[in-house]
Amino acid sequence: MSPSQLRDRPPTAEGQAPTGRPARRRRPPSTIVVAFAFLAPALISLVVLRIAPAAVALSESLFRESFLRGGTVFVGLENYADLFGNADFNNALLVTLVFSAIVNPLQIGVSFLLAVLYTRRAAGSKIWRSLVVLPIAVPPAVSAVVWSVIYRPDGLGNSFLALLGLPEQPFLSSPQQSLASIMVLLSWIGVGYWMLFLIAGINDVPTELYEAASIDGASAWRKLWSVTFPLVRRPLAFVLVADTVSNFLIFAPVQILTKGGPSGSTNLLMYDIYTRAYTLGDLNKAQAEVIILVLLTLVVVAVQFRLLRSSDNA
Amino acid sequence: MSSVTRTSISKRRTLGYIGLSALGACIGLLFLLPLWWTFVNSLRAGGDTFRFLDPLQWETFFTLTPSLDNYAALLSSDLGLATWNSIFVSTVTVIIGLAICSMAAFALAAIPFKGSGVVFIVVVVSFLIPFDAIAIPLADLFRDWNLQNTYTGLILPGLGNGMAIFLLRTFFLAIPQDLVEAGRLDGLGWWGIFRRIYLPLSVPSLIGAGLTLFLFQWQSYVWPLLNGTDAQHILGPIALSNLQGQFNVDYGVMFAGSIVLTVIPLAIIIGFQRYFIQSVTTTGLK
């Protein structure tokens, strides 16, 4: 505790409060000045590089370029209204929501089952587990490039299907399969990462609980459902929120592999914003779309936290 | 318990053990496969990438004549320079970012001051705004500030990292106040307490936060695409995806580049595995 703080205290608190410090010692700066000196670089970078751009996007989304008067004019919420009347944007929103509704439960379900599998006693469990974790080192752009070759008509994907006696598939060039193909390559790098959190959670479950359940004659499924599942709810909640947010922001595979196509089937919001800003050159509407994306993310996070909190109380 | 049921139980156990091991092995190998195939193809000429795919054969996944030609070609290509740029940008981000984030975390965890609650909210809010979502408005600002196509422009957004601050703060909060008092008695100021007491005690969490900063920068794609695409400042992932988009792709070199861009973070994660897992669990369990 700093001397300046001690001085604020009533002298009765301690027998000899240091009010009578030697006057020749330089007075140290007050704690708040010190605190802000420590905080300044981080705070400035967070405010300028995170909060300011969001504020800029918000304010610019309310303006529109005017060719008549030059410069920009205030148009209120017109950019937003235009977006919601725009077929491409509505399609992008729909694709993003469908994508999230499928990819999040899929990735979390698979990582949970894998976490359970790899925490059971089995030969080489640690080795196989680390092979599942390995792809988390692969940057999304690299994953997209590698899978672009796997998904080629003459690529590894179709050789595997041939091995299983299945017909050749178009993968990325089919509107029906393109989004699913992107989900597969994202899950390849994502599942191992989320599994790490769940393994940590499962390892925290006391083994006595399983033994007690075994003595009660519970089956393996029953133990999984009634013992493991409720006890890893916290890490599961974190994974759910973090995975949802990261999947709202998918960009690299779309930009590298499909450019949003074929026929808009993979046009996720992030890519739609990018094309609106740079290909169509409509920066103000793109800013409105940025705000919609940020709000969407925040709403989903808030709802999920609320749901988890109320189920905690139950 | 009769001996009959006991043997049947132990038999079932063995079967379960073998079944789980086999399942675990199959899934593990399946996850390894794309990366392994990439690796093998990086060791043979680009023209041979599709030679062994129809039908699948052992040579699809192995080669008897590995060569490092693709890696040598990489060194003199644009992708080689781009990889160096990635290394440079990530390293600078980790060094400066750690200094900035640990100072902020120290102020939030150790210095009692009015308004620390408000500051913490600012950190959380900035952390809730996903960076990629605001990359386009930020790129617009950086154009006005003449930071486009500069190393500074590439590095700056990676420095203040809400996650790293949060991680370090959690760790700093666990450091006993007695040590601070003792440091005070020895005549240390706040800077001394931070430098001599907190930092040396926090090496594991500093490594964890460093990994967070590193991976943020190494894996980023949207930002370097918007802010640094000229030949001198291009980063690895962008250069690789440009290669993929070309009409005449040398798959061997492309795969070699993919392996290099993966092996660097992989080596770092494996080297600091313990701290990586620790930081993962701290963020997950709060």
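Predicted model: local features only at pLDDT ≥ 70, side-chain atom pairs only at ≥ 80, totals over all residues.
Chain A comprises 14 helices and 2 strands, and 49% of its 314 residues count as buried. Of the contacts in chain A with a sequence separation of 6 or more, 64% are accounted for by residues 24 or more positions apart.

For chain B, the assignment gives 15 helices and 0 strands, and buried residues make up 53% of the 286 residues. The radius of gyration of chain B is 25 Å, whereas a compact globule of 286 residues would have a value near 19 Å. Along the principal axes, the C-alpha atoms of chain B fill a box of roughly 75 × 75 × 35 Å. When contacts in chain B between residues at least 6 apart in sequence are considered, 76% of them join residues at least 24 apart. The accessible surface of chain B is about 13300 Å², and 66% of that surface belongs to carbon and sulfur atoms. Chain B carries 14 positive and 13 negative side chains, with a distance of 21 Å between the centres of the two sets.

Within chain B, B:Asn227 belongs to helix α12, which spans residues 222-227. With a relative accessible area of 1%, B:Asn227 falls under the 20% limit and is therefore buried. Leaving aside residues up to four places away in sequence, B:Asn227 touches B:Phe142, B:Leu147, B:Gln148, B:Asn149, B:Gly153 and B:Leu154.

Side chains of opposite charge can pair when their charged atoms come close. Over all chains, the structure holds 8 salt bridges. One of these is formed by the side chains of A:Glu78 and A:Arg64, with an N to O distance of 3.4 Å. This pair links distant parts of the chain, given that A:Glu78 lies in helix α3 (residues 78-84) of chain A and A:Arg64 in strand β1 (residues 63-65) of chain A, 14 residues apart. A:Glu78 counts as partly exposed at 41% relative accessibility, and A:Arg64 likewise counts as partly exposed at 23%.

A:Arg64 also forms a salt bridge with A:Asp82, for which the closest N and O atoms are 2.9 Å apart. Because A:Asp82 lies in helix α3 and A:Arg64 in strand β1 of chain A, the pair ties together parts that are 18 residues apart in sequence.

A further salt bridge in chain A joins the side chains of A:Glu289 and A:Arg276 at 2.8 Å, N to O. Here the link runs between helix α14 (residues 283-313), which contains A:Glu289, and helix α13 (residues 269-279), which contains A:Arg276, the two residues being 13 apart. Both A:Glu289 and A:Arg276 are buried. Through shared partners, salt bridges join A:Arg64, A:Glu78, A:Asp82, A:Asp282 and A:Lys285 into one network.

Definitions and conventions
Residues numbered from 1 in each chain as written. Chains lettered and ligands numbered in written order. Heavy atoms only, no water. Helix = DSSP H or I, 4+ residues; strand = E, 2+ residues; numbered from the N terminus. Rg over C-alpha atoms; globule rule 2.2 N^0.38 Å. Buried < 20%, exposed > 50% of the residue type's maximum accessible area, 1.4 Å probe, protein only. Contact = heavy atoms within 4.5 Å. Areas by Shrake-Rupley, 256 points an atom, 1.4 Å probe, with all protein chains shown as cover. Lys, Arg positive; Asp, Glu negative; His and termini not counted. Charge placed at Lys NZ, Arg CZ, Asp CG, Glu CD. Salt bridge = Lys/Arg side-chain N within 4 Å of Asp/Glu carboxyl O.
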